[in-house]
Amino acid sequence: MKQLSDLIEFEAFDNLELMAKQIVEGFLLGLHRSPYHGFSVEFAEHRQYNKGESTKHVDWKLYARSDKLFVKQFEEETNLRAHLVIDNSSSMLFPYQDKKVSKMAFSVLCSAALIHLLRNQRDAVGLSTFSDEVELLTPAKLSLAHAQRLYAELLKIYNKEELGLNRKTRFSKNIHLLAEAIHKRSLIVIFSDLIGDDSPQEILEALQHLRYNKHEVVLFAVTDHDLENKFNFANRPSKFIDMETGESIKLNPSEVRDAFIQKQTAFYNEMKLLCSQFAIDFVEAGIHQPFKDVLQAYLIKRKRIG
């Protein structure tokens, strides 16, 4: 199953739709070969044709093979609306050396894949981004033109280094704003590294606002697990710069590693506990993990609410 490093041979993300299709098709192929094959990834089924009914949905290719008339029976036109929300702050550009392998690139590709998967299931999808303010808010639609607009917006986000650093995160404030702005009941899928000044309780209160407004929520905590959670930097004096504030500090990673890991673990454990109490799916999404981990988490949630 593809992961972010498998796609870095692409010099640019100029065709996000094609890349999304490759990710999803690989995922679905793997799904059929895995213990998860029971998920509804077949978007239509066949039933026997009844004499006298319209032939509009007859599967003529199947008829040519079987000499029997079957009708394509599609799922009911969607009642599901999904809204993808991406943290667009500067810390999402980490690791900063190669934008093709970053938290932002991972979130963009996951979102593109979800758009493709959602449209295959005839689900309407919208997109929002935020940093210190809400920067984009589109309605949820099903049309091809709308999907192409979303891919174009994702490409802008991916190429955002031109906007520079020092773009802060206001997670709670902006999730509250989105909770008020998204009026129709939706599945809200959030990609964020949760780096900022908000405490787990403040983050939860914002997510509770979405739940109070009848939305279902999946929060992907996007991280470079090796560097950000395990603090596996070289054991030599180094200068660390906060990408959102520009503040810097000099230290030897070995001197703070244990304390850093302890604090990170406590933060994630508290987030998991708080989210579980309010039926919010909290998923740690490592940028070096296969995309299937995100797509499976989405399918599990969709199956549960479908």
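A residue is termed buried when its relative accessible area is under 20%, exposed when over 50%, and partly exposed in between (1.4 Å probe, protein chains only). The model is predicted, so that local features need pLDDT of at least 70 and side-chain atom pairs count only at pLDDT 80 or more, whereas totals for chains, interfaces and linings use all residues. Residues are numbered from 1 along each chain as its sequence is written, and side-chain values use heavy atoms, with hydrogens and water left out.

S91 is buried, with a relative accessible area of 5%, and is placed in the loop between strand 3 (81–87) and helix 3, where helices (H or I, at least four residues) and strands (E, at least two) are DSSP runs numbered from the N terminus. Leaving aside residues up to four places away in sequence, S91 touches K103, T169, D193, I195, M243 and E244, contact meaning heavy atoms within 4.5 Å.

Within helix 3 lies S111, which is likewise buried, with a relative accessible area of 0%. Residues up to four places away in sequence again not being counted, S111 touches L84, I86, L154 and F191; S111 and L154 are 43 residues apart in sequence, yet 8.1 Å apart in space, C-alpha to C-alpha.

The axes of helix 3 (residues 103–120) and helix 9 (residues 292–305) come within 10 Å and cross at roughly 45°, the axes being lines fitted to C-alpha atoms over the stretch in contact, with angles from 0 to 180 degrees between N-to-C directions. The contact involves F106, C110, A113, L114, L117 and L118 of helix 3, together with V294, L295, Y298 and L299 of helix 9.
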